[in-house]
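Have a look at the sequence and the model, then work through each task before you read its solution.

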Amino acid sequence: METFKVGDILLGTSRARAEARHRVVYLSGSSENPVGVVLTHSNKFPCNIEMKPEHIESGTDKEPQYFVAHQIQKLSEWGPYERIGNLSSQGVGFVIANLSHDIVTWDEYLTRKSEGCPDHA
């Protein structure tokens, strides 16, 4: 099993809408159950923060990129997870500086998103 580093961009193999559909930036946890932030192209939610091109070294398919500013626990059933790229050190610092401190499940994130993401750092 691959060991991931903070800032690695991962992709799960189970990619249905409620699973590992989006890329995730690894922050902590095991390789089977990583904790990270989701990367998206959407800016329609207040939890999504725009990244600059210099924040990403590799592993994304197009610009612009946003990250969901919540630490989300990914499930082992959505893996295995594969490293497909990484953030720059500037990108890692940017994500950490704008991140909610709590670790939540995807379902908990959906509830917080509907409340306007009140728990950001």
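**Exercise 1. Aromatic pairs**

How many aromatic pairs does the count come to? Describe the geometry of each pair, and then say where its rings sit in the chain.

*Solution.* Keep in mind that this is a predicted model.

Step 1. The count comes to two aromatic pairs.

Step 2. Begin with Phe-4 and Tyr-26, whose ring centres are 5.8 Å apart, with 55° between the planes. Planes over 60 degrees apart would count as edge-to-face and planes under 30 as stacked, and this pair is tilted.

Step 3. Now place the two rings. Phe-4 belongs to the segment before strand S1 (8-12), and Tyr-26 belongs to strand S2, so the pair ties together parts 22 residues apart in sequence. Both Phe-4 and Tyr-26 are buried.

Step 4. Turn to Phe-67 and Phe-94. Their centres are 6.0 Å apart and their planes stand at 80°, so this pair is edge-to-face. Phe-67 is in strand S6 and Phe-94 in helix H1, 27 residues apart, and the pair links these distant parts of the chain.

Step 5. Phe-67 has 0% relative accessibility and counts as buried, while Phe-94 has 22% and counts as partly exposed.

**Exercise 2. The partners of strand S3**

Which strands pair with S3, and in which sense? Name one pair of opposite residues for each partner.

*Solution.* 

Step 1. Take S2 to begin with: S2 and S3 pair in the antiparallel sense over five bridges. The two form a hairpin with four residues between them, and Val-24 stands opposite Val-38 in S3.

Step 2. Next comes strand S7 (residues 71-73), joined to S3 by two bridges, again in the antiparallel sense. Here Gly-36 stands opposite Ile-72 in S7.

Step 3. Strand S6 (residues 66-68) also runs antiparallel to S3, with two bridges between them. Leu-39 stands opposite Phe-67 in S6.

Step 4. Finally, look at how covered S3 is. Seven of its seven residues are buried, so S3 is largely enclosed by the rest of the structure.

**Exercise 3. The nonpolar cores**

Which residues of the largest nonpolar core touch the most other members? Find which elements supply the core, then follow the contacts of Phe-67.

*Solution.* 

Step 1. The largest nonpolar core has 14 residues, and Val-37, Met-51, Phe-67 and Leu-87 touch the most other members.

Step 2. Strand S2 (24-29), strand S3 (34-40) and helix H1 (89-97) each give this core at least two residues.

Step 3. Leaving aside residues up to four places away in sequence, the contacts of Phe-67 include Val-37, Val-38 and Leu-39. Also among them are Met-51 and Phe-94.

Step 4. Another core, of seven residues, lies apart from the largest one, and its members include Cys-47, Val-104, Trp-106 and Tyr-109.

**Exercise 4. The whole chain**

In what order do the elements run, and what percentage of the residues count as buried?

*Solution.* 

Step 1. The protein chain has two helices and nine strands. From the N terminus on, they run β-β-β-β-β-β-β-β-α-β-α.

Step 2. Of the 121 residues, 43% count as buried. The accessible surface of the chain comes to about 6200 Å², and 49% of it belongs to carbon and sulfur atoms.

Step 3. Take the contacts between residues at least 6 apart in sequence: 65% of them join residues at least 24 apart.

Definitions and conventions
Residues numbered from 1 in each chain as written. Predicted model: local features only at pLDDT ≥ 70, side-chain atom pairs only at ≥ 80, totals over all residues. Heavy atoms only, no water. Core = buried A, V, L, I, M, F, W, Y, C linked by side-chain atoms within 4.5 Å. Buried < 20%, exposed > 50% of the residue type's maximum accessible area, 1.4 Å probe, protein only. Contact = heavy atoms within 4.5 Å. Pairing = 2+ DSSP bridges. Areas by Shrake-Rupley, 256 points an atom, 1.4 Å probe, with all protein chains shown as cover. Phe/Tyr/Trp six-rings, centres within 6.5 Å; stacked < 30°, edge-to-face > 60°.
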